[in-house]
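Thanks for making time this morning.

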Amino acid sequence: MAQYEWQRIAHAIEEEIRSGRIPPGGALSSITRLAETYGVADRTIRRALRDLRERGLIETLPHKGSFVVDVLPPADAGEEDGTAD
């Protein structure tokens, strides 16, 4: 199934979170740094982060950045709407 770039990036970041590479409470890189890392526009990263926020994986604090939540939701939470693989 084809994916938008933001979906691919959200999935990659989710994998880093669920594997523990970004631990609970850990900070994600800045939007600018993530955009450079994935070779996409800032707005693409913002859309990916919005998806992760909506699914309860991260929280974003104004002027602070985005952080992994302390307690992760179940991994299959996105399957009902067809967003999970």
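Arg 18 is partly exposed, with a relative accessible area of 29%, where partly exposed lies between buried, under 20%, and exposed, over 50%, computed with a 1.4 Å probe on protein chains only. This is a predicted model, in which local features need pLDDT of at least 70 and side-chain atom pairs count only at pLDDT 80 or more, while totals for chains, interfaces and linings use all residues. Residues are numbered from 1 along each chain as its sequence is written, and side-chain values use heavy atoms, with hydrogens and water left out.

Arg 18 forms a salt bridge with Glu 14, the closest N and O atoms being 2.9 Å apart; the term means a side-chain nitrogen of Lys or Arg within 4 Å of a carboxyl oxygen of Asp or Glu. Both residues lie in helix H1, four residues apart, about one turn of the helix, helices being DSSP runs of H or I with at least four residues, and strands runs of E with at least two, numbered from the N terminus. Glu 14 itself is buried, at 9% relative accessible area.

Glu 14 also forms a salt bridge with Arg 55, at 3.0 Å between the closest N and O atoms. Arg 55 lies in the loop between H3 and strand S1 (58-61) and Glu 14 in helix H1, so this pair ties together parts that are 41 residues apart in sequence. Together with Asp 51, the residues Glu 14, Arg 18 and Arg 55 are linked in a network of salt bridges.

Turning to helix H2 (residues 31-38), Leu 34, Ala 35 and Tyr 38 are buried there.
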